[in-house]
Amino acid sequence: MRFLRRLRISEWLSPGSAKAVVFLLLIAITLAFWLYIQKIFDHVRDFQKSVVQTHVQIYMKLIDPNAQGDSDLLELYEPVVMNAPYPSIFTYEDLTPIQDLWHDVGVAQNDTTSASREKLIRLVRKMDKSNPPVPVFMPDLVQRTDTLTVYEMPPEPRIPILITDHTSNYLYSRFLSINPEDPASMQAAIEGLDELSSPIVFEKDNEPTLRFHTAFGDSRWPIIVVKNGREPIYWGGFRIASSDTTATLKRIMRDISRTGYVYTIISSAVPVKTLRLFHYGDLPFLTLIGWLPLIELGVILILLAIAMIGLVTIKNAEQRSIWVGMAKETAHQLGTPISSLSGWYELLKSERDLDMLAQALPEMEYDVRRLSRVAARFSNIGSQPELKQISLSNVIYEVLDYYRARLPRMGKNVSIEGDCNGIRDIMGNTELLNWAFENMIKNSLSAIESRTGTIRVTGRMSKNFESVIIDFSDTGKGIAQADQNKVMKPGFTTKKRGWGLGLSLVKRIVEDYHNGKIILLESKPGTGATFRVIIPAVSAK
C-alpha cells in the first residue's frame, strides 16, 4: 500500500501532470468567473428591461388625453422619464427621431440640424442591435372632420337616444330635452339613460368612437354607420355572413331607409393611435461588465504567455545542463581507460621484456573493451536502442563485481551485496542497463560519506509475475524531504562538483527505453535511501 501511495503521489507531482493540473485549474477558474459575471449581467439586464417597461407605461399615461392635468403623473415625468440612467430615443415608425424625445445621447433637445438627425439615427440602429425597440401606440387627438351617416331601426319609434364621442361630446339626440352647450345638462342626461340601459358603443382604431345612450333596456337594434358616404365602418344588432357583407349591409340600409331613422352626425376630434418606437441603450454599468470577460481572457493569455516563456527558459536551462552533464560524463567515461592505455604505452616504450608485455596486453585489451562499451552506450542513448532478451541478474552481478574490484582503489570499505536469483529475463539493452545500474551504485557510494557502509541490491518478481522489481538500498546520508521530488530532474545535485545527470539518465534508460518505472521508495536523512526499478519481464511461455 505504501508503494502504491508513493507511486500515485509521484505521478501527480510529475512535471507534465502538474502543468496539466495548473492549466485545467486556470480554465475552471476562468469559466467560473465568466459564469458569475454573466449571471450578474443577466440580472442587471432583466432589471433594466423592467425599468424600461415602467418607463413606457408612465409615458403612455402622460400622453393619454384623459390623464392630462394629473399632477402626480406629471411630477413623475421629469425624474423617471427624462432622467433615466440610460440613453433613450423615441422615433416614428420609419425611425425618424421625434423632436425633444431623446435623452442622454449627446444631442441637445433643441438641436434640429441634419447632422444631429443622422447621429440620432445611427445611435438608434446601434441600440437596436443589443435591445429590440419597444413599440408604443400613442393616442393622439387628431382634428379631423368625419361626416357619419347613421342608419338606425329602433324597436319603438319614440325611444329617446343620445349619441356622444369618446370624451362625451354631443353628436346627436332625439326625444330628449337637453342643452348640448351645458355640460351639467349633458352629464345628467347621460347618467339617466345609462341607469336604464347600458350604452351601445362602437369604437375602432383611428376611427371616431360612438356611444349610443338609450332607454330601452339592454336589447340592441340594427345600426349601420357609414363614413363620408362611402363605406360602412360600424354595424350591429343583426346577423351577417362574412361572405356577403357588402350585399347584406346594402340590403339592410335600404330597409332602414324606408321605415327607420337615417341622419348625419359630424365628428371633429378622432383619437388616432399612431405607432412609435422607444429605443434604449444599456446602462453604463452593463457596458463595463460586458468588457470584464474580455479583460479576464486577456490577463489569462498574458499569464499563460509568461508561463510559457518561463517553461521554455527552464527547458533551455535543462537542455544546457544535460549537454554539459553529458560532456562531463563522456570525459569521465573515457578518462579512465584512456589514462590506463597511456600508462601502459609509456611503460612498454621503456620496458621491452616479455614479462611486462604479458602483463600489459590483458590490461590494454580490457581498456579497449571498456572504450568500445562507452562508445556503444553513447550511441544507444542518442537513438532508439535494439532490445533483446537478456538476463537482468547477469547485468546486475556484472556491475556489482566491477565496483567490488574498484573499491580498494577508492579507499572505502563498503560492503556491496546482491541477491537477484530467480528473476526472469527481460527485453532490454545490456549496455544501457549496465550504465544505469553503474550510476545507481555510484550514487550510493557517493551517499556513503564514511569509509564503511552497505549497499544492497535485491531482485524479485511482482505478485502477478509480469514485472521484475529491483531495489537499490544504501546506508548513506539519505535525501532531504524537500529534495525527494527533484532527485531525478536533470541538473539537480547535492554534490559540490556534480552535474545532476546520473539519476535523470537512469530514468531515461529505464522509463523511455525499457517501458519501466523508477521511484524513490523510501529515504530518511541519516539512515539511507531505497530506489525501486520496475521493468516488464518476459513471459514464461
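Predicted model: local features only at pLDDT ≥ 70, side-chain atom pairs only at ≥ 80, totals over all residues.
Biologist: How many helices and strands does the protein chain have?

Modeller: It has 11 helices and 17 strands. Helices (H or I, at least four residues) and strands (E, at least two) are DSSP runs, numbered from the N terminus.

Biologist: How do you know that β4 and β5 pair?

Modeller: Two strands pair if DSSP finds at least two bridges between them. Here 4 bridges join β4 to β5, so the two strands pair. They run antiparallel. Thr 164 stands opposite Tyr 170 in β5. The two strands form a hairpin with 5 residues between them. In its turn, Ser 168 has a positive phi of about 65°.

Biologist: What joins β4 to β7?

Modeller: 4 bridges, and these strands run antiparallel. Ile 163 has Phe 212 in β7 as its bridge partner. Strand β7 also pairs with β6, over 3 bridges.

Biologist: What is the strand order, and why are β5 and β6 called edges?

Modeller: The order is β5-β4-β7-β6, in an open sheet. β5 (170-174) and β6 (200-202) each have a single partner strand, so one side of each is left without a neighbour in the sheet. The twist averages 10° from one strand to the next. Angles run from 0 to 180 degrees between N-to-C directions, with axes fitted to C-alpha atoms, for helices over the stretch in contact.

Biologist: What does helix α5 touch?

Modeller: Helix α5 (residues 183-196) touches β4, β5 and β7. Contact means heavy atoms within 4.5 Å. The helix direction makes about 120° with that of β4.

Biologist: Which way do the β4 side chains point?

Modeller: Ile 161 and Ile 163 point one way, Leu 162 and Thr 164 the other. All are buried. In a regular strand the side chains alternate between the two faces of the sheet.

Biologist: Why is Leu 303 called partly exposed?

Modeller: Buried means under 20% relative accessible area, exposed over 50%, and partly exposed in between (1.4 Å probe, protein chains only). Leu 303 has 49%, so it is partly exposed. Leu 303 lies in helix α7 (residues 284-350).

Methods:
Residues numbered from 1 in each chain as written. Heavy atoms only, no water.
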